[in-house]
Amino acid sequence: MEDVPAVMKAVQLVGHGGLDQLVHREVPTPSPAPGEVLIDVHACGMNNTDVWVREGAYGTETDPGSVSSWRRGRSTLTFPRIQGADTVGRVVAVGDGVPAERVGQRVMVDFSIYNRPEGDDSLADIDYIGHGRDGGYAEYVTVPAENAYEVTADITDAELATFCCAYLTAEQMLDRARLAAGERVLVTGASGGVGSAVLQLARVRGAVPYAVSSAGKEEALREIGAEDVILRGGDDLVAEVERVVDGPVDVVADLVAGPMFNDLLRILRPEGRYTTAGAIGGPVVQLDLRTVYLKQLQLHGSSQGTRTAFRRLVRYIENGEIQPLLDRTFRLSDFHEAQRTFLSKTFVGKLVVVPDRHWDAVGAPHERP
(Lines give C-alpha, C1' and ligand atoms only; values in the text may rest on other atoms or scores of the structure.)
Protein backbone atom coordinates (compact mmCIF):
# COMPACT_ATOMS: atom_id res chain seq x y z
CA MET A 1 0.00 0.00 0.00
CA GLU A 2 1.51 3.33 -1.03
CA ASP A 3 1.86 6.35 1.20
CA VAL A 4 -1.12 8.62 0.67
CA PRO A 5 -0.56 12.34 1.31
CA ALA A 6 -2.70 14.16 3.84
CA VAL A 7 -3.66 16.81 1.30
CA MET A 8 -4.31 16.72 -2.46
CA LYS A 9 -5.07 19.00 -5.38
CA ALA A 10 -8.68 19.16 -6.58
CA VAL A 11 -11.08 21.39 -8.52
CA GLN A 12 -13.97 22.40 -6.28
CA LEU A 13 -17.26 23.85 -7.43
CA VAL A 14 -17.98 26.52 -4.83
CA GLY A 15 -21.36 27.77 -6.13
CA HIS A 16 -23.59 28.12 -9.17
CA GLY A 17 -22.35 30.50 -11.85
CA GLY A 18 -19.47 30.97 -14.26
CA LEU A 19 -16.03 29.42 -14.52
CA ASP A 20 -14.90 31.50 -11.54
CA GLN A 21 -16.94 29.09 -9.38
CA LEU A 22 -14.44 26.32 -10.19
CA VAL A 23 -11.39 26.64 -7.95
CA HIS A 24 -8.19 24.57 -8.21
CA ARG A 25 -6.92 24.28 -4.65
CA GLU A 26 -5.41 22.06 -1.99
CA VAL A 27 -7.91 20.06 0.10
CA PRO A 28 -7.73 17.16 2.57
CA THR A 29 -7.30 13.74 0.99
CA PRO A 30 -10.33 11.54 1.73
CA SER A 31 -10.08 8.22 3.58
CA PRO A 32 -12.13 5.17 2.60
CA ALA A 33 -15.05 4.39 4.90
CA PRO A 34 -16.14 0.80 5.49
CA GLY A 35 -17.05 -0.80 2.18
CA GLU A 36 -15.15 1.83 0.16
CA VAL A 37 -11.91 2.05 -1.81
CA LEU A 38 -9.54 4.99 -2.23
CA ILE A 39 -8.55 5.60 -5.85
CA ASP A 40 -5.45 7.40 -7.05
CA VAL A 41 -7.09 9.22 -9.98
CA HIS A 42 -5.23 8.98 -13.28
CA ALA A 43 -7.91 10.46 -15.58
CA CYS A 44 -11.46 11.81 -15.47
CA GLY A 45 -13.70 12.55 -18.47
CA MET A 46 -15.80 15.71 -18.93
CA ASN A 47 -19.57 15.78 -19.42
CA ASN A 48 -22.40 18.22 -20.15
CA THR A 49 -23.78 17.56 -16.68
CA ASP A 50 -20.68 19.21 -15.18
CA VAL A 51 -21.57 22.44 -16.95
CA TRP A 52 -25.32 22.35 -16.31
CA VAL A 53 -24.78 21.70 -12.59
CA ARG A 54 -22.25 24.53 -12.38
CA GLU A 55 -24.69 26.89 -14.10
CA GLY A 56 -27.70 25.60 -12.13
CA ALA A 57 -29.32 25.18 -15.53
CA TYR A 58 -31.80 22.40 -14.77
CA GLY A 59 -34.70 24.66 -13.78
CA THR A 60 -37.78 23.31 -12.06
CA GLU A 61 -40.98 21.75 -13.34
CA THR A 62 -42.80 25.04 -12.76
CA ASP A 63 -40.00 27.46 -13.73
CA PRO A 64 -37.62 26.19 -16.44
CA GLY A 65 -35.42 29.27 -16.08
CA SER A 66 -34.81 29.08 -12.34
CA VAL A 67 -31.40 28.15 -10.92
CA SER A 68 -31.55 24.50 -9.94
CA SER A 69 -29.20 21.54 -9.88
CA TRP A 70 -29.67 18.05 -11.24
CA ARG A 71 -32.67 16.23 -9.69
CA ARG A 72 -34.73 19.47 -9.54
CA GLY A 73 -35.92 20.36 -6.07
CA ARG A 74 -34.56 17.23 -4.38
CA SER A 75 -30.92 17.93 -5.03
CA THR A 76 -28.16 16.38 -2.93
CA LEU A 77 -25.63 18.95 -4.15
CA THR A 78 -23.77 20.90 -1.47
CA PHE A 79 -20.86 23.30 -1.85
CA PRO A 80 -17.98 22.96 -2.13
CA ARG A 81 -18.29 19.90 -4.35
CA ILE A 82 -15.65 18.09 -6.40
CA GLN A 83 -17.33 17.13 -9.68
CA GLY A 84 -16.19 14.48 -12.14
CA ALA A 85 -18.08 11.28 -12.93
CA ASP A 86 -15.76 9.46 -15.36
CA THR A 87 -13.03 8.34 -12.96
CA VAL A 88 -10.22 5.95 -13.84
CA GLY A 89 -7.28 5.13 -11.59
CA ARG A 90 -5.62 2.67 -9.23
CA VAL A 91 -6.94 1.42 -5.90
CA VAL A 92 -4.42 2.46 -3.23
CA ALA A 93 -6.32 1.77 -0.01
CA VAL A 94 -9.45 -0.03 1.15
CA GLY A 95 -11.91 0.45 3.98
CA ASP A 96 -13.07 -2.18 6.44
CA GLY A 97 -14.79 -5.12 4.82
CA VAL A 98 -13.04 -4.73 1.44
CA PRO A 99 -10.46 -7.38 0.47
CA ALA A 100 -6.87 -6.08 0.59
CA GLU A 101 -6.29 -7.81 -2.76
CA ARG A 102 -8.12 -4.95 -4.42
CA VAL A 103 -5.15 -2.64 -3.82
CA GLY A 104 -3.30 -2.14 -7.11
CA GLN A 105 -6.24 -2.80 -9.41
CA ARG A 106 -6.85 -0.44 -12.31
CA VAL A 107 -10.51 0.50 -12.06
CA MET A 108 -13.22 2.38 -13.92
CA VAL A 109 -15.90 3.84 -11.67
CA ASP A 110 -19.60 3.28 -12.14
CA PHE A 111 -20.55 6.81 -11.13
CA SER A 112 -24.19 6.06 -10.30
CA ILE A 113 -25.44 6.12 -6.71
CA TYR A 114 -28.39 3.76 -7.07
CA ASN A 115 -29.98 3.95 -3.61
CA ARG A 116 -31.56 0.58 -4.40
CA PRO A 117 -30.38 -2.94 -3.48
CA GLU A 118 -28.54 -5.20 -5.90
CA GLY A 119 -31.04 -6.72 -8.33
CA ASP A 120 -33.34 -3.68 -8.34
CA ASP A 121 -32.69 -1.78 -11.58
CA SER A 122 -35.10 1.07 -10.84
CA LEU A 123 -33.50 4.48 -11.40
CA ALA A 124 -36.19 6.41 -9.54
CA ASP A 125 -33.83 7.41 -6.70
CA ILE A 126 -30.64 7.73 -8.75
CA ASP A 127 -27.84 10.14 -7.84
CA TYR A 128 -24.22 10.24 -8.98
CA ILE A 129 -20.64 10.58 -7.84
CA GLY A 130 -19.58 14.15 -8.57
CA HIS A 131 -22.96 15.47 -7.42
CA GLY A 132 -24.24 13.67 -4.31
CA ARG A 133 -20.67 13.02 -3.19
CA ASP A 134 -17.21 14.12 -4.37
CA GLY A 135 -15.98 12.89 -7.72
CA GLY A 136 -12.85 12.52 -9.80
CA TYR A 137 -11.60 16.04 -10.58
CA ALA A 138 -9.00 15.46 -7.91
CA GLU A 139 -5.86 13.47 -7.18
CA TYR A 140 -7.78 10.98 -5.02
CA VAL A 141 -11.42 9.94 -4.59
CA THR A 142 -13.28 7.42 -2.45
CA VAL A 143 -16.13 5.36 -3.90
CA PRO A 144 -18.14 2.31 -2.80
CA ALA A 145 -16.08 -0.78 -3.60
CA GLU A 146 -18.84 -2.26 -5.75
CA ASN A 147 -18.73 0.84 -7.98
CA ALA A 148 -15.05 0.31 -8.85
CA TYR A 149 -14.74 -2.21 -11.71
CA GLU A 150 -11.37 -3.66 -12.59
CA VAL A 151 -10.64 -3.25 -16.31
CA THR A 152 -7.69 -5.00 -17.98
CA ALA A 153 -8.32 -3.95 -21.60
CA ASP A 154 -5.23 -2.82 -23.50
CA ILE A 155 -6.11 0.86 -23.67
CA THR A 156 -4.70 3.84 -21.78
CA ASP A 157 -6.21 5.33 -18.63
CA ALA A 158 -7.19 8.48 -20.53
CA GLU A 159 -8.91 6.40 -23.19
CA LEU A 160 -10.73 4.34 -20.57
CA ALA A 161 -12.03 7.56 -19.00
CA THR A 162 -13.96 8.36 -22.20
CA PHE A 163 -16.49 5.58 -21.59
CA CYS A 164 -18.12 5.87 -18.17
CA CYS A 165 -20.91 8.46 -18.25
CA ALA A 166 -21.36 8.90 -22.00
CA TYR A 167 -21.55 5.24 -22.90
CA LEU A 168 -23.69 4.24 -19.92
CA THR A 169 -26.11 7.05 -20.77
CA ALA A 170 -26.15 5.96 -24.41
CA GLU A 171 -26.70 2.30 -23.55
CA GLN A 172 -29.61 3.20 -21.29
CA MET A 173 -31.16 5.32 -24.05
CA LEU A 174 -31.05 2.36 -26.42
CA ASP A 175 -32.35 0.00 -23.72
CA ARG A 176 -35.29 2.32 -23.09
CA ALA A 177 -36.07 2.51 -26.81
CA ARG A 178 -35.53 -1.25 -27.28
CA LEU A 179 -33.33 -0.69 -30.33
CA ALA A 180 -33.00 -3.98 -32.19
CA ALA A 181 -30.81 -5.42 -34.92
CA GLY A 182 -31.64 -4.12 -38.39
CA GLU A 183 -33.47 -1.02 -37.14
CA ARG A 184 -32.52 2.51 -38.19
CA VAL A 185 -31.73 5.06 -35.51
CA LEU A 186 -31.26 8.80 -36.05
CA VAL A 187 -28.78 10.33 -33.60
CA THR A 188 -28.67 14.07 -32.90
CA GLY A 189 -25.63 15.67 -31.26
CA ALA A 190 -23.73 12.78 -32.79
CA SER A 191 -20.24 14.24 -32.42
CA GLY A 192 -20.50 14.66 -28.64
CA GLY A 193 -19.65 12.11 -25.98
CA VAL A 194 -23.09 10.51 -25.70
CA GLY A 195 -23.96 10.87 -29.39
CA SER A 196 -20.74 9.23 -30.56
CA ALA A 197 -21.35 6.48 -28.00
CA VAL A 198 -24.85 5.87 -29.39
CA LEU A 199 -23.37 5.39 -32.87
CA GLN A 200 -20.99 2.68 -31.66
CA LEU A 201 -23.45 0.96 -29.33
CA ALA A 202 -26.10 0.88 -32.06
CA ARG A 203 -23.64 -0.99 -34.26
CA VAL A 204 -22.94 -3.45 -31.42
CA ARG A 205 -26.67 -4.24 -31.46
CA GLY A 206 -26.66 -4.70 -35.25
CA ALA A 207 -28.71 -1.53 -35.83
CA VAL A 208 -27.98 1.10 -38.49
CA PRO A 209 -27.22 4.59 -37.09
CA TYR A 210 -27.48 7.89 -38.96
CA ALA A 211 -25.88 11.00 -37.49
CA VAL A 212 -27.14 14.59 -37.34
CA SER A 213 -24.24 16.97 -36.84
CA SER A 214 -22.51 20.13 -38.02
CA ALA A 215 -20.33 20.38 -41.13
CA GLY A 216 -16.73 19.24 -40.94
CA LYS A 217 -17.35 16.18 -38.77
CA GLU A 218 -18.79 13.86 -41.40
CA GLU A 219 -15.76 11.64 -41.96
CA ALA A 220 -15.04 11.24 -38.25
CA LEU A 221 -18.64 10.16 -37.65
CA ARG A 222 -18.57 7.64 -40.49
CA GLU A 223 -15.36 6.18 -39.07
CA ILE A 224 -17.07 5.39 -35.76
CA GLY A 225 -20.15 3.81 -37.27
CA ALA A 226 -22.49 6.35 -38.85
CA GLU A 227 -24.09 4.98 -41.99
CA ASP A 228 -24.41 8.55 -43.24
CA VAL A 229 -24.55 12.10 -41.90
CA ILE A 230 -27.32 14.72 -42.09
CA LEU A 231 -26.08 18.27 -41.58
CA ARG A 232 -28.13 20.30 -39.13
CA GLY A 233 -29.12 23.88 -39.80
CA GLY A 234 -30.66 23.29 -43.22
CA ASP A 235 -34.05 24.53 -44.37
CA ASP A 236 -35.93 21.21 -44.07
CA LEU A 237 -34.58 18.52 -41.72
CA VAL A 238 -37.45 16.15 -42.49
CA ALA A 239 -36.84 16.27 -46.24
CA GLU A 240 -33.09 15.86 -45.79
CA VAL A 241 -33.53 12.78 -43.62
CA GLU A 242 -35.92 11.29 -46.15
CA ARG A 243 -33.29 11.89 -48.85
CA VAL A 244 -30.38 10.38 -46.92
CA VAL A 245 -31.83 7.56 -44.83
CA ASP A 246 -32.48 4.30 -46.65
CA GLY A 247 -35.89 3.48 -45.21
CA PRO A 248 -38.10 4.47 -42.26
CA VAL A 249 -36.56 5.71 -39.01
CA ASP A 250 -37.46 3.35 -36.15
CA VAL A 251 -35.79 5.26 -33.28
CA VAL A 252 -34.64 8.83 -32.70
CA ALA A 253 -31.92 9.19 -30.04
CA ASP A 254 -32.01 12.92 -29.31
CA LEU A 255 -29.49 14.94 -27.33
CA VAL A 256 -30.31 18.35 -28.81
CA ALA A 257 -34.08 19.00 -28.73
CA GLY A 258 -34.70 22.77 -29.11
CA PRO A 259 -36.32 23.91 -32.36
CA MET A 260 -35.83 20.57 -34.11
CA PHE A 261 -37.86 18.55 -31.58
CA ASN A 262 -41.18 18.39 -33.42
CA ASP A 263 -39.43 17.63 -36.72
CA LEU A 264 -37.75 14.64 -35.05
CA LEU A 265 -41.18 13.25 -34.15
CA ARG A 266 -42.34 13.83 -37.72
CA ILE A 267 -39.33 11.87 -38.95
CA LEU A 268 -40.22 8.77 -36.93
CA ARG A 269 -42.20 6.00 -38.59
CA PRO A 270 -45.64 5.11 -37.17
CA GLU A 271 -45.13 3.31 -33.85
CA GLY A 272 -41.59 4.65 -33.69
CA ARG A 273 -39.72 5.42 -30.48
CA TYR A 274 -38.09 8.65 -29.32
CA THR A 275 -35.48 8.60 -26.54
CA THR A 276 -33.66 11.55 -25.01
CA ALA A 277 -30.95 12.14 -22.41
CA GLY A 278 -30.11 15.76 -23.12
CA ALA A 279 -31.29 19.06 -24.55
CA ILE A 280 -28.25 21.12 -25.53
CA GLY A 281 -30.29 22.95 -28.18
CA GLY A 282 -32.93 24.03 -25.64
CA PRO A 283 -34.97 22.08 -23.06
CA VAL A 284 -38.30 23.86 -23.63
CA VAL A 285 -39.79 22.66 -26.93
CA GLN A 286 -42.88 22.99 -29.11
CA LEU A 287 -44.89 19.80 -29.45
CA ASP A 288 -47.92 18.97 -31.54
CA LEU A 289 -49.46 16.18 -29.49
CA ARG A 290 -51.42 15.04 -32.55
CA THR A 291 -48.13 13.83 -34.00
CA VAL A 292 -47.64 11.66 -30.93
CA TYR A 293 -51.04 10.05 -30.76
CA LEU A 294 -51.88 9.79 -34.45
CA LYS A 295 -48.54 8.05 -35.14
CA GLN A 296 -48.74 5.90 -31.96
CA LEU A 297 -45.31 7.13 -30.87
CA GLN A 298 -43.45 6.27 -27.66
CA LEU A 299 -41.39 8.95 -25.89
CA HIS A 300 -38.71 7.90 -23.39
CA GLY A 301 -36.70 10.04 -20.98
CA SER A 302 -33.40 8.58 -19.88
CA SER A 303 -30.63 9.49 -17.47
CA GLN A 304 -27.54 7.48 -16.52
CA GLY A 305 -28.10 3.72 -16.54
CA THR A 306 -28.49 0.54 -14.53
CA ARG A 307 -25.90 -1.73 -12.93
CA THR A 308 -26.80 -4.28 -15.59
CA ALA A 309 -26.03 -1.81 -18.38
CA PHE A 310 -22.72 -0.78 -16.78
CA ARG A 311 -21.57 -4.38 -16.51
CA ARG A 312 -22.50 -4.87 -20.15
CA LEU A 313 -20.43 -1.80 -20.98
CA VAL A 314 -17.40 -3.22 -19.16
CA ARG A 315 -17.79 -6.42 -21.17
CA TYR A 316 -17.90 -4.45 -24.44
CA ILE A 317 -14.67 -2.67 -23.46
CA GLU A 318 -12.87 -5.86 -22.46
CA ASN A 319 -13.95 -7.57 -25.69
CA GLY A 320 -12.92 -4.61 -27.88
CA GLU A 321 -16.46 -4.18 -29.22
CA ILE A 322 -16.37 -0.40 -28.67
CA GLN A 323 -13.45 1.96 -29.15
CA PRO A 324 -12.45 5.04 -27.13
CA LEU A 325 -12.87 8.38 -28.86
CA LEU A 326 -10.41 10.62 -27.04
CA ASP A 327 -10.08 14.07 -28.58
CA ARG A 328 -7.53 15.53 -26.16
CA THR A 329 -6.41 15.75 -22.55
CA PHE A 330 -5.94 18.67 -20.15
CA ARG A 331 -4.08 19.10 -16.89
CA LEU A 332 -6.29 19.38 -13.83
CA SER A 333 -4.70 22.78 -13.15
CA ASP A 334 -5.91 23.92 -16.60
CA PHE A 335 -9.52 23.04 -15.81
CA HIS A 336 -10.95 26.37 -16.96
CA GLU A 337 -9.33 25.93 -20.37
CA ALA A 338 -10.68 22.39 -20.55
CA GLN A 339 -14.25 23.51 -19.85
CA ARG A 340 -14.01 26.41 -22.30
CA THR A 341 -12.91 23.92 -24.97
CA PHE A 342 -15.76 21.63 -23.97
CA LEU A 343 -18.26 24.45 -24.39
CA SER A 344 -16.94 25.23 -27.89
CA LYS A 345 -18.26 21.87 -29.19
CA THR A 346 -15.55 21.91 -31.88
CA PHE A 347 -14.33 18.39 -31.10
CA VAL A 348 -15.53 14.83 -31.71
CA GLY A 349 -15.78 12.43 -28.79
CA LYS A 350 -14.48 13.21 -25.31
CA LEU A 351 -12.17 15.53 -23.40
CA VAL A 352 -10.32 14.10 -20.41
CA VAL A 353 -8.68 15.81 -17.42
CA VAL A 354 -5.50 14.38 -15.89
CA PRO A 355 -4.07 15.29 -12.46
CA ASP A 356 -0.82 17.19 -12.96
CA ARG A 357 1.15 14.58 -11.02
CA HIS A 358 0.25 11.98 -13.68
CA TRP A 359 0.51 14.23 -16.72
CA ASP A 360 3.76 12.84 -18.13
CA ALA A 361 2.49 9.26 -17.86
CA VAL A 362 -1.17 9.73 -18.83
CA GLY A 363 -1.93 13.06 -20.44
CA ALA A 364 0.75 14.49 -22.69
CA PRO A 365 1.06 11.64 -25.23
CA HIS A 366 -2.65 11.87 -26.07
CA GLU A 367 -2.89 15.49 -27.20
CA ARG A 368 -4.17 15.58 -30.77
CA PRO A 369 -2.42 17.89 -33.29
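**Close-up views of a predicted model**

**View 1. Three strands form an open sheet in the order β2-β1-β4, with antiparallel pairing.** This is a predicted model, in which local features need pLDDT of at least 70, side-chain atom pairs count only at pLDDT 80 or more, and totals for chains, interfaces and linings use all residues. Residues are numbered from 1 along each chain as its sequence is written, and side-chain values use heavy atoms, with hydrogens and water left out. β2 (22-28) and β4 (81-82) are the edge strands; each has a single partner strand, so one side of each lacks a neighbour in the sheet. Strand β1 (residues 7-13) pairs with β2 in the antiparallel sense over 7 bridges. Val-7 lies opposite Pro-28 of β2. Strands are DSSP runs of E with at least two residues, helices runs of H or I with at least four, numbered from the N terminus; two strands pair if DSSP finds at least two bridges between them.

**View 2. His-300 belongs to strand β16 (residues 298-301).** His-300 counts as buried because its relative accessibility is 13% (buried means under 20% relative accessible area, with a 1.4 Å probe and protein chains only). Leaving aside neighbours within four places in sequence, the residues in contact with His-300 include Arg-176, Arg-273 and Tyr-274 (contact means heavy atoms within 4.5 Å).

How values were computed:
Buried < 20%, exposed > 50% of the residue type's maximum accessible area, 1.4 Å probe, protein only.
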